[in-house]
Amino acid sequence: MIVEKLLLHVLIVLAPVLSYSFLFEHRKIGRSPYFLGLLYGAAASLCMYFAYYDSSLYWDLRYVPVVLSIFYGGPISGVITIAALMLTRTAMGGETLFLAYITAVISCAVPFLIYNYFWQSNPKKRVYLSIIIGSWPTLVQLIILFIYIYFKKDDFLVFDQRLLSYIAVFGTIQILAFVFAAVLNESVIERNLMKDEIRRSEKQHTLGELAASIAHEVRNPLTVVKGFLQLMEGEDERHKHYYPLILSELGRAENIISDYLNFAKPEFKKIETFPLPLLVMELSILLNPYALKEGISLTHTIESDAVITTDRNQLKQALINILKNAVEATPTEGRVTIKLMEEDDTVKIIVRDTGKGMTKEQLARVGSLFFSTKEQGTGLGTMVSTRIIESMGGRVDYTSKLGKGTKVSVTLPLTHLLSREPV
Ligand code: ADP
Ligand code: MG
């Protein structure tokens with residue numbers, strides 16, 4: 001009997017995840033912790049309503065929706081679910097009501113405490129955490145039950161074969177419920193992320209195409225103007241001192257346009273095979289005067305002698321953009337380091353700085369088109385770098401702590417030839 005009841009609970013527990021993802025998908029509701037809290041609260045109450053009553057104890061999976069609600073809905077949702085649970089339990093009354101209260105308080109504290117850690121973990125770890133933390137209320141229930149039985153010595157609540165088998169069945173089905181619900185929740189999250197990603201890349205693709213065509217149209221007249229200005233420079237004595245400024249500003253405009261074109265379509269012009277340590281040293285030498293001017297020390301460590309085949313200039317450009325950002329983010333007396341190392345069959349170029357770092361929101365937006373926090377910024381550098389590295393079959397990862405610094409890892413594959421055509 002207890003098995004049937006508990007399997008029914010598994011169904012009840014999965015209902016909020018399914019109905020929420022369905023409603024969310026069809027945009028009937030936005031993401032609301034209140035609504036999610038109510039859904040899980042209803043599930044917890046239903047579990048208790050359909051509880052299996054034996055040995056003066058209610059056997060049900062009420063803590064599964066509670067833990068899921070705290071983890072996947074957030075603290076607000078969790079509080080609502082706990083309130084629903086307490087209300088229902090109070091309404092039900094019974095011999096062991098005070099035990100239920102104590103269990104609820106101790107059980108719910110832990111998921112709240114590790115909520116932040118939970119969301120810093122990857123999806124796989126989150127499923128494990130749900131199961132482990134989900135077992136915590138069961139453990140609390142058992143311990144309290146032990147103590148109760150030990151001290152009270154009721155004749156209706158004794159430790160016998162039956163109680164033990166109930167505990168075993170209960171524990172197993174509860175873990176199953178957590179596995180199902182957590183995996184389901186994670187797949188809903190992943191699908192939503194994927195949808196956002198598709199929408200984002202679609203938008204960027206269109207923007208990129210537009211930018212490229214405009215940039216191309218603007219570059220030609222700019223080159224003509226620059227040429228004529230250079231011709232006039234020698235003849236026009238009166239405005240002589242304006243020319244360097246005009247030409248340098250025109251050069252800047254040209255650079256921005258080249259960046260655009262590069263972003264729209266990174267072209268691999270000259271594929272060559274070269275040792276990466278040499279490139280890293282070259283970059284260090286190239287950017288050292290710039291860093292020194294800002295009072296920053298730029299150093300490099302080389303732990304790999306990887307030789308790579310790709311467009312050297314493009315890779316250099318990508319790394320310059322990243323290094324420039326690192327220097328720009330770092331205050332005087334700060335440090336920027338470049339590290340070259342191998343990991344499995346990839347080679348990594350890691351740029352670390354002790355700069356101002358980024359907030360979570362900034363970190364999420366870095367690398368997207370036009371995102372810049374600088375007055376003179378274009379928001380193109382990181383985008384171009386990411387595009388170049390990705391067309392080489394590599395990856396750029398940013399990790400950052402506000403006020404502490406930023407770490408940019410450029411990972412390039414070592415095994416396959418990087419000389420393939422850009423996508
Ligand atoms: P820009 O440098 O013109 O602003 P980028 O695309 O190069 O454009 O950079 C975009 C934004 O990303 C920067 O404005 C800055 O806010 C952030 N950023 C990039 N690298 C770092 C870093 N190393 N430290 C802190 N912020 C960074
Ligand atoms: Mg930049």
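How do the residues of the lining of the largest cavity divide into nonpolar, polar and charged? Eleven are nonpolar, four polar and two charged (Ala, Val, Leu, Ile, Met, Phe, Trp, Tyr, Cys and Pro count as nonpolar, Asp, Glu, Lys and Arg as charged, and the others, Gly among them, as polar).

Before selecting anything, some ground rules. This is a predicted model, where local features need pLDDT of at least 70 and side-chain atom pairs count only at pLDDT 80 or more, while totals for chains, interfaces and linings use all residues. Residues are numbered from 1 along each chain as its sequence is written, chains are lettered from A and ligands numbered from 1 in the order in which they are written, and side-chain values use heavy atoms, with hydrogens and water left out.

**Colour by pLDDT**
pLDDT is the predictor's confidence in each residue, from 0 to 100. The protein chain averages 85, and 93% of the residues score at least 70. Now select 416-423: pLDDT stays under 50 there, and the model has 16 contacts beyond four places in sequence for these residues (contact means heavy atoms within 4.5 Å).

**Colour by domain**

**The cavity**
There is one cavity of 30 Å³ or more, and the largest cavity holds about 290 Å³ of space. Show Leu57, Tyr58, Arg62, Gln141 and Leu145, which of the 17 lining residues are the closest to its centre. On a 1 Å grid over the protein atoms alone, a cavity is a set of points where a 1.4 Å probe fits but cannot get out; a pocket is an open set with protein on both sides within 12 Å along at least five of seven lines, and lining residues have an atom within 4 Å of a point. Points are joined across faces, edges and corners, and a volume is the space filled by probe spheres set on them. Helix H7 (123-152) gives the most to this lining, with five residues. Helices (H or I, at least four residues) and strands (E, at least two) are DSSP runs, numbered from the N terminus.

**The second largest pocket**
Select Trp119, Arg126, Leu193, Asp196, Glu197, Lys360, Glu361, Leu363 and Ala364 to see its lining. The space here is about 670 Å³. Helix H12 (360-365) supplies the largest share, four residues. Domain 1 and domain 3 both contribute to the lining, so this pocket lies between them.

**A salt bridge**
Finish on Glu254 and Lys226, whose side chains meet in a salt bridge at 3.0 Å, N to O (a side-chain nitrogen of Lys or Arg within 4 Å of a carboxyl oxygen of Asp or Glu). Glu254 lies in helix H9 and Lys226 in helix H8, so the pair ties together parts 28 residues apart in sequence.

How values were computed:
Domains from an automatic or database assignment.
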